[in-house]
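Please walk me through this structure in a few paragraphs, with the cut-offs behind each term.

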Amino acid sequence: MSIADNQVVQFHYTLRDGETLLETSAGKDPAAYLHGHGNVIPGLEKAMEGKEVGDEFEVTVACADAYGERHEDRTQQVPVKHLQGAKRWKAGMIAMVKTDQGMRQVTVIKVGLKHAMVDLNHPLSGKDLTFNIQIVDARDATNDEIAHGHAHGVGGHHH
């Protein structure tokens, strides 16, 4: 079965920026997403289209089709209490912040007593990313998954 819209795809991945290993699903449950709903970066979704279960491939996604270009002027002061993910913050740490568009990753630039200066660029913006992908499983999505716009179960939401 070729990967197409409204299918739940499970895959293992290794993500690199050049030679630097950024993330891998090795030794964990595979990642899962609902194809055609923007749940993964556009360049990766495009590369998955038409592939089959069992396929293994490598794809390099240009930053424009990944997390976009970096914008040096995207910094903001936020109350430290709004940073999620650690008790004590230091420059260079990645925090989660709730925004009007949902949760987003920011990088801490400097921390004061009550406020922190953060970089709003996604930590992987401005980078071309290389994925090694192994497609483990694909199935038709349930009506619930299509209505919610994401995969449920292993590697998805609502475990």
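Asp119 is found in strand 8, residues 115-119 (helices, H or I, of at least four residues and strands, E, of at least two are DSSP runs, numbered from the N terminus). The residue is buried, with a relative accessible area of 11%; buried means under 20% relative accessible area, exposed over 50%, and partly exposed in between, with a 1.4 Å probe and protein chains only. A polar atom of the Asp119 side chain lies 2.8 Å from the backbone nitrogen of Asn121. For such a polar contact, a pair of N or O atoms must be within 3.5 Å; within protein, one must be able to donate a hydrogen and the other to accept it, and residues adjacent in sequence count only if both atoms are side-chain atoms. Leaving aside neighbours within four places in sequence, Asp119 is in contact (heavy atoms within 4.5 Å) with Arg70, Arg74, Thr75, Val106, Thr107 and Ile109.

This is a predicted model, in which local features need pLDDT of at least 70 and side-chain atom pairs count only at pLDDT 80 or more, while totals for chains, interfaces and linings use all residues. Residues are numbered from 1 along each chain as its sequence is written, and side-chain values use heavy atoms, with hydrogens and water left out.

Strand 9, residues 129-140, runs antiparallel to strand 1 and is joined to it by 10 bridges; here Gln7 stands opposite Asp140. Strand 3, residues 31-34, is also antiparallel to strand 1, with four bridges, and Val8 faces Leu34 across that pairing, standing opposite it.

The pairing of strand 1 with strand 2, residues 20-24, is antiparallel over four bridges, and Arg16 stands opposite Leu21. These two strands form a hairpin with two residues between them, and Gly18 in the turn has a positive phi of about 65°. Strand 2 also contains Leu22, which is partly exposed at a relative accessible area of 32%. Not counting residues up to four places away in sequence, Leu22 touches Leu15, Arg16, Asp17, Leu124 and Leu129. The C-alpha atoms of Leu22 and Leu129 are separated by 9.4 Å, although the two residues are 107 apart along the chain.

The aromatic residues come next. A pair of aromatic rings is described by the distance of the centres and the angle of the planes. Rings of Phe, Tyr and Trp (its six-membered ring) pair if their centres lie within 6.5 Å; planes under 30 degrees apart count as stacked, over 60 as edge-to-face and the rest as tilted. The structure holds two aromatic pairs. In one, the rings of Phe11 and Tyr13 have centres 5.9 Å apart and planes at 50°, so the pair is tilted. Both Phe11 and Tyr13 are buried. Phe11 also forms an edge-to-face pair with Tyr33, at 5.8 Å centre to centre and 80° between the planes. Because Phe11 lies in strand 1 and Tyr33 in strand 3, this pair ties together parts that are 22 residues apart in sequence. Phe11 has a relative accessible area of 5%, and Tyr33, also buried, has 2%.

Definitions and conventions:
Pairing = 2+ DSSP bridges.
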